[in-house]
Amino acid sequence: MEFKAPRGTKDILPAEIEVWDRLVDTAKSVFGRYGYKRIETPVFESTGLFTRAIGETTDIVKKEMYTFKDKKGRELTLRPEETAPVVRAFIEHKMHVEGSLFKVFYWGPMFRYERPQAGRQRQFWQIGIEAIGSPDAALDAEVIQMASVYLHEIGLTGVKIHLNSVGDKCCRPKYTDALKVFLKQESEGFCEDCRIRADTNPMRVFDCKNRACGAKLREAPVIMRYLCDECKRHYADVTGYLDDLGIDHVHDDHLVRGLDYYTRTTFEIKHADLGAQDAVCAGGRYDDLVKQYGGPESPAIGFAIGMERAMLAVRTGNDREEEKSLDGYIIALGDDAKRKGMLLASNLRAKGIKTAYDFSGKSLKGQMKNADKAGSRFAVIIGENELKDGSVTIRDMETGEQRSVPVKEADTWLTKDSGI
RNA sequence: GUGAACGUAGCUCAAAGGCAGAGCACUGGACUGUGGCUCCAGUGGUUGGGGGUUCGAGUCCCCUCGUUCACCCCA
């Protein structure tokens, strides 16, 4: 075969689209219930938008972006994530209203040039939300609860909410300094990657899966001890509200975020069946990002859910019986019957009856088989006998019962709840 | 970017250097205008692509593309 879907991309075929649509429909329903409105932003943006927001030293910016120049030489990038575009739109359209929240949700494809793996693709879809305009810890709790409700409503069970705080611009530097000192002192105990991380982005050592490093990290300074009073208080409030809401969560000292813009609350929702890429949802606060981009002081929080990962996790134990996708399947025998059949199909569809017409030109037997495979409730047969008296034969594909009815009454028989 | 395994019919997989096969699916028949069950028969392949070794390669070697898993990183 000459052409295949590009590496790291996937077709979603009709057989799986039902689950896919459910993820989207549930997003509309759940996030709408919390007062979120949908936003749609371009799939590509100026490259600088992402390099500054995400961080020059992050892997996403350094090696994973689909960047290109257009014909006028503009530097553009296929979006690797959606927070920066939403923030850009928020500022550009001056959506800031003093004392009120900008609450939006979205779904769409994101692009990162990575080696594909279970739950990781080059084009992948995210469903996410952003709430811009409040520092309130109660908002954090509501957002986390909303994510949890969403995952519950798409039928995901066995998820675990991990929570941490990464501090803000005054207390985080103190912590990273302390961590750096520790990593330098104990450098023999760490792998090569971690030694490099000590300089570039020390908090990322907590992501290391090397067992020796993990053991060593138990002695590392813990960020909670270094948080300023405001951050400490904020985090305590978030967990307090979550407890009030009855949302299970675990504190995770080692939960750090890869993107530079995060402040204070960070969280991940993990699922055990996903393999190495076990986060189905991740998010956190980004209190400085809007200001940093020239907007008004607007503390904010958001999260994103990986749709393909959610699909993988939902897949297990979800073999629901599929609904009959057709009400009527029209089988015409001969040219005259064909004309009648086409017209009948058209009339039935106009009345909202799901109707397919058989174009195979096969025998009655062959067309009956097609009706069976198509999953129709009824077969509607038009042959010589029916042409003579202006009737059609309607056969219930479940019970095998059938009866002859006038063409004009076909619609009422096809919409009957039961029996024929 | 690094490492490992894998790539054979539409699908799931056999064939341990010697005739490319099975099950399911598909098509036809038994059953002439009646689907599902059963039985019988049939169609279907440049063994991912390219090169090499060999009398002979699906099998061994090299390159390449892709898949999977892990690392890295992340949704």
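Predicted model: local features only at pLDDT ≥ 70, side-chain atom pairs only at ≥ 80, totals over all residues.
Which residue in β16 is the bridge partner of Thr-393? The answer is Ser-404, a residue of β16 that forms a bridge with Thr-393.

Strand β15, made of residues 391-396, runs antiparallel to β16, and the two are joined by 5 bridges. Both strands belong to an open sheet of 5 strands, whose order is β13-β12-β14-β15-β16 and whose pairing is mixed. At the edges stand β13 (355-357) and β16 (402-406), and because each of them has a single partner strand, one side of each is left without a neighbour in the sheet. On average, and with direction ignored, neighbouring strands of this sheet are turned by 25 degrees against each other.

Two helices can be described together with this sheet. Helix α13, which covers residues 335-350, lies across β12 (326-332), β13, β14 (376-382) and β15, and it runs at about 160 degrees to β13. Helix α14, which covers residues 364-374, packs on the sheet as well, where it touches β12, β14 and β15, and its direction makes about 165 degrees with that of β12.

**A closer look at helix α13**

Helix α13 has 16 residues, and the distance from its first C-alpha to its last is 23 Å, close to the 22 Å expected at 1.5 Å a residue. Which residues of α13 are buried? They are Ala-337, Gly-341, Leu-344, Ala-345 and Leu-348. These residues lie on the same side of α13, because they cover an arc of only 105 degrees around the axis. The cover over the buried residues of α13 includes strands β12, β13, β14 and β15, together with α15 (384-389) and α16 (410-414). On the other side of α13, by contrast, the residues Asp-335, Asp-336, Arg-339, Leu-343 and Ala-350 are exposed. After α13 comes Gly-352, which has a positive phi near 85 degrees.

**The sheet of eight strands**

A further open sheet has 8 strands in the order β1-β5-β6-β11-β10-β9-β7-β8, and its pairing is again described as mixed. Here β1 and β8 (250-251) stand at the edges, and since each has a single partner strand, one side of each is left without a neighbour in the sheet. Strand β5 is mostly covered, with 9 of its 10 residues buried.

| Strands | Sense | Bridges |
|---|---|---|
| β1 (residues 37-38) and β5 | parallel | 2 bridges |
| β5 and β6 (residues 123-132) | antiparallel | 10 bridges |
| β10 and β11 (residues 300-306) | antiparallel | 5 bridges |

Lys-37 stands opposite Val-104 in β5, while Gly-108 stands opposite Gln-126 in β6, and Gly-283 stands opposite Phe-303 in β11.

**Arg-285 in strand β10**

Strand β10 covers residues 279-285, and Arg-285 is found in it. Is Arg-285 buried or exposed? Its relative accessible area is 0%, and Arg-285 therefore counts as buried. The side chain of Arg-285 is joined to that of Asp-140 by a polar contact of 2.7 Å.

**Two residues with positive phi**

Lys-94 is not a glycine, and yet its phi is positive, at about 50 degrees. Lys-94 is placed in the loop between α4 (83-92) and β5 (102-111), and because its relative accessibility is 69%, Lys-94 counts as exposed. Arg-264 is likewise a residue other than glycine with a positive phi, in this case near 50 degrees. Arg-264, however, lies in strand β9, which covers residues 263-271, and with a relative accessible area of 13% Arg-264 is buried.

Conventions
Residues numbered from 1 in each chain as written. Chains lettered and ligands numbered in written order. Heavy atoms only, no water. Pairing = 2+ DSSP bridges. Helix = DSSP H or I, 4+ residues; strand = E, 2+ residues; numbered from the N terminus. Axes fitted to C-alpha atoms, helices over the stretch in contact; angles between N-to-C directions. Contact = heavy atoms within 4.5 Å. Expected span 1.5 Å × (residues − 1). Buried < 20%, exposed > 50% of the residue type's maximum accessible area, 1.4 Å probe, protein only. Arc of directions from axis to C-beta. Polar contact = N/O pair within 3.5 Å; in protein donor to acceptor, adjacent residues only side chain to side chain.
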